[in-house]
Amino acid sequence: MADLDEILRAAKSNSGPAVLLTGAGISAESGIPTFRGEEGYWRVGSKNYQPTEMATWATFSRMPDEVWAWYLYRRGICRAAAPNAAHRAVRALEETLEDRFVLITQNVDGLHLRAGSTEPRTYQIHGNIDFMRCADECTEALYRIPDEVDATWDKGRKIDVATREHLLCPACGTRARPHVLWFDESYDEIHFRFESSLAAAAEAAILIVVGTTGQTNLPLHVGSMVAERGAPMIFVNPEPTTFTRMVDDNPLGLFLEGTAGDHLPGLLASVAEALATP
Ligand code: NAD
Ligand code: ZN
């Protein structure tokens, strides 16, 4: 492990972008639960389903109303939440670095965009819970979930006829689906910025990973690519995860134990200062 000054000096000597990779942990202080813990499961009838079962095409094709109800419930939590100091610190770093900045987020809550991060530099690699698209893929278009759909959704509430009619593809009238990447689906460029994320990892002057366990494929791949290059890498999380080993093994790696709110405002101000000065 290296110290911060050494890491920032190394980052400065490389012309690539500063890349931020965020997970559910960065939104925990906004009151959005991560997938771990008891908030994770969803009850249908007498059975409890884990997110890894609910968030699949297989489950959606079997019980679309129940999957939609779970998403509308989670969407309600996301809409009621506000960006926190860590989201704002990420936006401030983008404002300083502009095109020398990329944000890769696993979060579907849209809080980075609401904090002012810009869409072209924000790769929402697992989608956005406020949007839907055609389940039959008649078009690649994304549609914001219509305002007529209630902004909050109680646990246990069923999808009614009126709501179901708003959750249809505007182009062909068939059922729409949440615009999220499910566990039995693959990344692509058009919806999830797959190639763009790999390109950012290949060039990153520094990678800062925040609030993620690293259980999904693309985030791990991004981390490994940067680790294999021996490029500077910082991991911020209250507890060790897969990314801890990556930074432990990297001579230019650093693990900052603690929350996003504790570390990001100060850390990203230092990154901005180091990379912005010639
Ligand atoms: P995860 O739930 O698996 O892990 C979250 C990590 O954040 C944990 O390691 C935890 O220790 C850490 N954490 C908790 N509080 C924190 C804080 N205050 N500051 C920093 N870190 C904190 O989440 P994941 O790895 O992002 O992956 C789960 C999947 O679930 C993703 O694919 C994502 O799309 C989805 N998801 C999204 C949201 C969201 O949009 N906010 C919420 C839950 C799950
Ligand atoms: Zn359609």
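Student: Which element gives the largest share of the lining of the second largest pocket?
Tutor: That's H9, with four residues. Keep in mind that this is a predicted model.

Student: And which other elements supply at least two residues each?
Tutor: Besides helix H9 (189-192), you have helix H5 (64-80), helix H7 (111-114), strand S5 (122-124) and S6.

Student: What's the volume of the second largest pocket?
Tutor: About 370 Å³. The lining has 21 residues, and Leu 113, Glu 119, Gln 124, Asn 128 and Leu 142 are the closest to the centre.

Student: How do the lining residues divide into nonpolar, polar and charged?
Tutor: Eight are charged, seven nonpolar and six polar.

Student: Where does that pocket lie relative to the domains?
Tutor: Between domain 1 (4-31 + 84-129 + 189-276) and domain 2 (38-81 + 131-180), because both of them give residues to the lining.

Student: OK, back to S6. Is that strand largely enclosed or open?
Tutor: Largely enclosed by the rest of the structure, because seven of its eight residues are buried. Buried here means under 20% relative accessible area.

Student: Which strands does S6 pair with?
Tutor: One is strand S8 (residues 176-180), antiparallel, over four bridges. S7 is another, joined to S6 by two bridges and also running antiparallel.

Student: Which residue in S8 stands opposite Gly 127?
Tutor: Val 180.

Student: And what is the bridge partner of Phe 131 in S7?
Tutor: Arg 144.

Student: Is Glu 137 buried or exposed?
Tutor: Exposed, because its relative accessible area is 60% and the cut-off for exposed is over 50%.

Student: What about Glu 98, what's its phi?
Tutor: Near 50°, so that's another positive value in a residue other than glycine. Glu 98 is found in the loop between helix H6 (85-97) and strand S4 (101-105).

How values were computed: Residues numbered from 1 in each chain as written. Chains lettered and ligands numbered in written order. Predicted model: local features only at pLDDT ≥ 70, side-chain atom pairs only at ≥ 80, totals over all residues. Heavy atoms only, no water. Buried < 20%, exposed > 50% of the residue type's maximum accessible area, 1.4 Å probe, protein only. 1 Å grid on protein atoms, 1.4 Å probe; cavity = no way out; pocket = protein on both sides within 12 Å on 5 of 7 lines; lining within 4 Å. Points joined across faces, edges and corners; volume = space filled by probe spheres on them. Nonpolar A, V, L, I, M, F, W, Y, C, P; charged D, E, K, R; others polar. Domains from an automatic or database assignment. Pairing = 2+ DSSP bridges.
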